[in-house]
Amino acid sequence: MPDSTTSLVSDFAAAPISFGRKLKNGLATGAAIAAVLLVLLPLGAIFAYLIIKGAGSINWDFLTKTPKPPGEVGGGMANAIAGSAYMLLIASCMGVPVGIGAGIYLAEYGRNRFGNIIRFTADVLNGVPSIVMGIVAWNIVVAGHGFSALAGGVALAIMMIPIITRATEEMLLLVPNTVREAAYGLGVSRWRTTLSITLRTATSGVITGVMLAFARVAGETAPLLFTALGNTYWNWKINKPTAALSLQVFYYATSPYEDWIRQAWAGALILIVLIVFSISAVRIAASRGMLKGAN
Amino acid sequence: MGVGIQVEKLNAWFGKTHALQEINMTVAANHCTAVIGPSGCGKSTFVRCLNRMHETIPDARATGRVRIGDMDVYNGTSATHIRRRIGMVFQKPNPFPTMSIYDNVAAGLKLNGFHDRKRLDEIVQRSLTYSALWEEVKDTMHKKSGASLSGGQQQRLCIARALAVEPQVMLMDEPCSALDPISTGKIEELIFQLKEKFTIVIVTHNMQQASRVAEFTGFFLLGKLIEFDKTEKIFTNPSDKRTEDYITGRFG
Amino acid sequence: MANHAWGAPQLPGPQPVAKSEVAVKDRAQTEALFKGGGSEIADGIFRYAMLACGLCVLALVALIIYEVAVGSRLSWHAFHWKFFFQSDWDPVNDQYGALPFIYGTIVSSVLALIIAVPLAVGVSVFITEMAPRWLRGPLAFTTELLAAIPSVIYGLWAIFVLVPILRTYVQPLLARYLGWTTLFEGPPLGIGMLAAGVILAIMIIPIISAITREVMTAVPQQQREAVLALGATRWEMIRTGVLRNARAGIFGGIILGLGRALGETMAVTMVIGNNPQIKKSLFAAGYTMASVIANEFSEATGDLYLSALVEIGLALFVVTIIVNILAQFLVWTVTRGTPARGNA
């Protein structure tokens, strides 16, 4: 097997730029462009269809009413939108403090082997299929207390934690060490420095991480299928089944009713708008807020 | 008023590297003492050992005895407590980026639990006046952030911040090395005036600066204190040949 | 600025300094502001609190392992290893074999990879090496946007847009020209393994592309310049100067994409047909491990039924963990993992 240097020499230095080589170069460029177009195509198609099929159905009724019985026309997804928000809130109460805390630990105390283990585990946790989270939440909550918003919240919280942890760690590491030193030099204790100075400097970045976690988790359906289960009515009780936007879209889309399918598109459009909005807000905040904070 | 510093048998390590060896030194109260030497000689490490900043670096440690006034730095009191009574100004100005100028100066007090607004206003004004920054920022200090000032102003802000907590000793680690000559001049003037109320130890690689502001000078080389004497003597008639070689620019 | 006379006589010891009245009062007041030391206790508590949060991450993984392991016990005792090699899925008679789901998962994921890898690498090559500077940001953003679309929305679009297209145009074409491979037989229903593979491919392109871009950017500029300086065309430079060096990382990205495909639930469930059969043709319906759990878990009656489903979940968990660990290791070898600490 010729080593790289000799093959380079024989390929390039000896031969002039033959037509064959030029052709390959051109084909490669063409293939890459084709790939880009092929990838952009479904993206464009998805957004186009969502807007075409869904926009028309988003009206006041849709946003304020609850579902009608199958087969009947009308009704809305108000309870599903509220339910999603409700469960996100429950999930945040558990996931955000733990995630930020773990991120603080990794950045300030975890620059060592043990910290690497946690870091690695967080990345592994990120890759676990969300349906497995659902099984776990089912075991912990549903098995004893039935389908509930809490169960859905637990499943979502488990998914939020690794995302928030890694984002928080990255943002804290961006804060220059001189800032910490300035605080130590003033005789500020370590915990106070970490919270009031370091974390405060990285605030916009940490919020970014939390919003990214929201965006990721808001659209999740699989873990909610047998935890929150869904509900055709309003529900604010934490221990009862709750509707969610993603769940509702799934049930409607796989149903045989025309009107439900129409509403599924509308629900999907709302969902994607909320997600794209969070992500864009994150990017804008990142390009402005972070620079202000860490420099 | 400032207090004197007594250093006995100070040793410091970075992991296995023995960065400071058996340093013995007495720093005069209400005077400015300069610490000079070539890069890597341990002068920054020495100063950072005085307020126990050295140990914030992982794997770093120090042994020996340091007494600042009536405080025994290494025995008995927590590092945080020590650092509240010693002010430090760093090489690169490091105001807190998300805080206003006012909040920067008040930071040392606020973060330690002091919130009396009226007194804070007084202290902030006094500190900014000491560091010759008051006139320039008094109208905008609540709105502008600490990071929006020029380099020289930022460093004066850091000095004001350190002064606000009424330290007895001010440690300065090459405070002018990142600044332009005009800002440097202003800060040297400042040091001159501060000497009346504080004891100052300044690390500098600029020998002219040492001779301008300091009454006493210590020359460090490879982790050892080679010579410590009045600045005049060090620069005109040093006792040790190595000192003379450094002064005359033969190395470093 | 004249040098003042150095008043102090000789090297002084710690001096009793005469303090002025005002200075004493000032200092006393400021000193009174500071509560005594004692921050060590607070520091310790804080550190342990943060450590507890970090340990939560470890605890969560342990919890997941525990729950799926315990939940599978019944099924394991009933079927042992045969569970993974049997094909009958019969809740009525309490007979459970997971082979169809394993088959469905593997086939749909491999098909997705075959479609996605060339496209993802192509997009990455274009973005990092060929696109004009102003185009790079927007293109990267759009591929990230693809990653943000929830699975259920992919599924919705797949049912009503992708499947009809497959049914009307793609499948007849495939049957006509590639039918000899026996992979494209049977009625072109649209719904089935092919649809699942295609929608999965679209879903994993962003992650393969993101990793590929990351490792390609990590290749130092000197490598590219060295090849160009020898007179190579741009494609030759990309091939030997970048792709060859980033090989391990790209492979890692592909494995990561595989991991994502294996665990993907909603979109697949909506278009694969949910029929636990093992058929060679890609036109046939199938069933994946994630899909069967999604569809049947909430209505599973009987402990053995439930346990069988949890055991499938266990298998899915183990496989995705192994795949993800492998992928991360490969990526780490090229980019060296942890972000650097910002410094003065």
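Predicted model: local features only at pLDDT ≥ 70, side-chain atom pairs only at ≥ 80, totals over all residues.
Me: In chain B, what percentage of the contacts with a separation of 6 or more comes from residues 24 or more positions apart?

Reply: Start with the term: two residues are in contact if their C-beta atoms, placed from the backbone, lie within 7 Å. In chain B, residues 24 or more positions apart make up 69% of the contacts with a separation of 6 or more. For chain A, that share is 74%.

Me: How many helices and strands does chain B have?

Reply: Helices (H or I, at least four residues) and strands (E, at least two) are DSSP runs, numbered from the N terminus. Chain B has 10 helices and 10 strands. Its radius of gyration is 18 Å, close to the 18 Å that the globule rule gives for 252 residues, so chain B is as compact as a globular protein of that length. The radius is taken over C-alpha atoms, and the rule is 2.2 Å times the number of residues to the power 0.38. Along the principal axes, the C-alpha atoms of chain B fill a box of roughly 55 × 40 × 30 Å.

Me: And what radius of gyration does chain A have?

Reply: Chain A has 25 Å, whereas a compact globule of 295 residues would be near 19 Å. The C-alpha box for chain A is roughly 75 × 65 × 40 Å along the principal axes. Chain A has 12 helices and 0 strands.

Me: Which domains does chain A have?

Reply: Domain bounds come from an automatic or database domain assignment. For chain A it gives domain 1 (4–57) and domain 2 (60–294). The contact between them takes 6 residues from domain 1 of chain A and 8 residues from domain 2 of chain A. Their C-alpha centres lie 35 Å apart.

Me: Back to chain B. In what order do the strands of the open sheet run?

Reply: Strands of a sheet pair through backbone hydrogen bonds, either parallel or antiparallel. The cut-off here is that DSSP finds at least two bridges between two strands. The open sheet in chain B has 4 strands in the order 2-1-4-5, with antiparallel pairing. Strand 2 (17–27) and strand 5 (71–72) of chain B are the edges, each pairing on one side only. Strand 5 of chain B is joined to strand 4 (residues 60–68) of chain B by 2 bridges, and I68(B) stands opposite M71(B) in strand 5.

Me: Which strands does helix 1 (residues 43–50) of chain B lie across?

Reply: For angles, axes are lines fitted to C-alpha atoms, for helices over the stretch in contact, and the range is 0 to 180 degrees between N-to-C directions. Helix 1 of chain B lies across strand 1 (5–14), strand 2 and strand 4 of chain B, at about 65° to strand 2.

Me: Is helix 3 (residues 101–110) of chain B mostly buried or exposed?

Reply: A residue is buried if 20 or more other C-beta atoms lie within 10 Å of its own, exposed if 12 or fewer, and partly exposed in between, with C-beta atoms placed from the backbone. In helix 3 of chain B, 8 of the 10 residues are buried, so the helix is largely enclosed by the rest of the structure. Among them are I101(B), Y102(B) and N104(B). Strand 6 (residues 86–89) of chain B is covered on both faces, with I86(B) and M88(B) buried on one side and G87(B) and V89(B) on the other. Strand 6 of chain B runs parallel to strand 7 (residues 169–173) of chain B, joined by 4 bridges, and I86(B) has V169(B) as its bridge partner. Overall, 54% of the 252 residues of chain B count as buried, and for the 295 residues of chain A the figure is 55%.

Me: How many residues of chain B are in contact with chain A?

Reply: 20 residues of chain B are in contact with 17 residues of chain A. Helix 2 of chain B gives the most to that side of chain B, with 4 residues.

How values were computed:
Residues numbered from 1 in each chain as written. Chains lettered and ligands numbered in written order.
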